[in-house]
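Thanks for sending this one over.

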Amino acid sequence: MTELYEYPPTRSQRAKWALEELGIEYSSNMINLQEGQQNSDAYRAIHPLGVVPALKTDTYTIFESIAIVLQLIDEHPEQNLAPAVGTPERAIYYQWSVFACAEVDPP
Ligand SMILES: N[C@@H](CCC(=O)N[C@@H](CS)C(=O)NCC(=O)O)C(=O)O
């Protein structure tokens, strides 16, 4: 079972949106940031930096909201949410995906 570690409304919404858009079955684990649950040993074992989101599947655990979105989209090519690898359209897709976290998030 796929598990999302989230606390809305934060960047975890990105991962949730992708899960919902792709129709993936998942369970939600709320990490209450105001109560400091992100600092528990249990959650630090999932995400060493203690931030949300993180995603745990049967085969891997990852963090970084954009990485989660890109991976989920790659796992479901039949949904056609991303341009084909190696195409000019894919280049632009990478550009804006990285721009979102590298340039938009900091400010
Ligand atoms: N680059 C990370 C940023 C994650 C992040 O900063 N999450 C915030 C919520 S938007 C958080 O969990 N903060 C908790 C804290 O700093 O204690 C991503 O996009 O996943």
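**Notes on the model**

1. The side chain of T57 reaches the backbone nitrogen of T59 at 3.1 Å. Please keep in mind here, and throughout, that this is a predicted model. T57 belongs to the loop between β3 (54-56) and β4 (61-63). Is T57 buried or exposed? With a relative accessibility of 15%, T57 counts as buried, because the cut-off for buried is under 20%. Apart from its neighbours within four places in sequence, T57 is in contact with M1 and T2.

2. Now to the ligand. Which residues surround the ligand? They are T10, R11, R14, L33, Q38, V51, V52, P53, E64 and S65.

3. For R11, a polar side-chain atom sits 3.4 Å from an oxygen atom of the ligand. For Q38, the distance from a polar side-chain atom to an oxygen atom of the ligand is 2.9 Å. With E64 the ligand takes part through a nitrogen atom, which is 2.8 Å from an N or O atom in the E64 side chain. On its own the ligand would expose 510 Å², and the protein buries 70% of that.

4. Most residues other than glycine have a negative phi, and most peptide bonds are trans. E64 is found in the loop between β4 and α3 (65-75). Its relative accessible area is 47%, so E64 counts as partly exposed; that figure takes only the protein chains as cover.

5. N80 also has a positive phi, of about 60°, although it is not a glycine. Where is N80 placed? It is in the loop between α3 and α4. N80 is exposed, because its relative accessible area of 65% is over the 50% cut-off.

6. One runs from P8 to P9, with omega near -5°, and P9 is in the loop between β1 and α1. Another runs from V52 to P53, with omega near 10°, and P53 is in the loop between α2 and β3. V52 and P53 are also among the residues that surround the ligand.

7. How many aromatic pairs are there? The count comes to 3. One of them is formed by Y5 and Y43, a tilted pair at 5.7 Å centre to centre with 45° between the planes. This pair links distant parts of the chain: Y5 lies in strand β1 (residues 2-6) and Y43 in helix α2 (residues 41-46), 38 residues apart. Y5 has a relative accessibility of 10% and counts as buried; Y43, at 3%, counts as buried too.

8. W96 and F99 form an edge-to-face aromatic pair, with 5.1 Å from centre to centre and 80° between the planes. Both residues lie in helix α4, 3 residues apart, which is about one turn of the helix. Is F99 buried or partly exposed? At 36% relative accessibility, F99 counts as partly exposed.

9. Helix α4 (residues 88-104) also holds R90. R90 is buried, with a relative accessible area of 5%. Beyond its neighbours within four places in sequence, R90 is in contact with D74, A82, P83, A84 and V85.

10. Last, K16, which is in helix α1 (residues 12-22). Its relative accessible area is 23%, so K16 counts as partly exposed. Leaving out neighbours within four places in sequence, K16 contacts L4, E6 and Y26.

Technical notes:
Residues are numbered from 1 along each chain as its sequence is written. Side-chain values use heavy atoms; hydrogens and water are left out. A residue is near a molecule or strand if one of its heavy atoms lies within 4 Å of it. A polar contact is a pair of N or O atoms within 3.5 Å; within protein, one must be able to donate a hydrogen and the other to accept it, and residues adjacent in sequence count only if both atoms are side-chain atoms. Accessible areas come from the Shrake-Rupley method with a 1.4 Å probe; for residues, only the protein chains shown count as cover. Helices (H or I, at least four residues) and strands (E, at least two) are DSSP runs, numbered from the N terminus. Buried means under 20% relative accessible area, exposed over 50%, partly exposed in between (1.4 Å probe, protein chains only). Contact means heavy atoms within 4.5 Å. Rings of Phe, Tyr and Trp (its six-membered ring) pair if their centres lie within 6.5 Å; planes under 30 degrees apart count as stacked, over 60 as edge-to-face and the rest as tilted.
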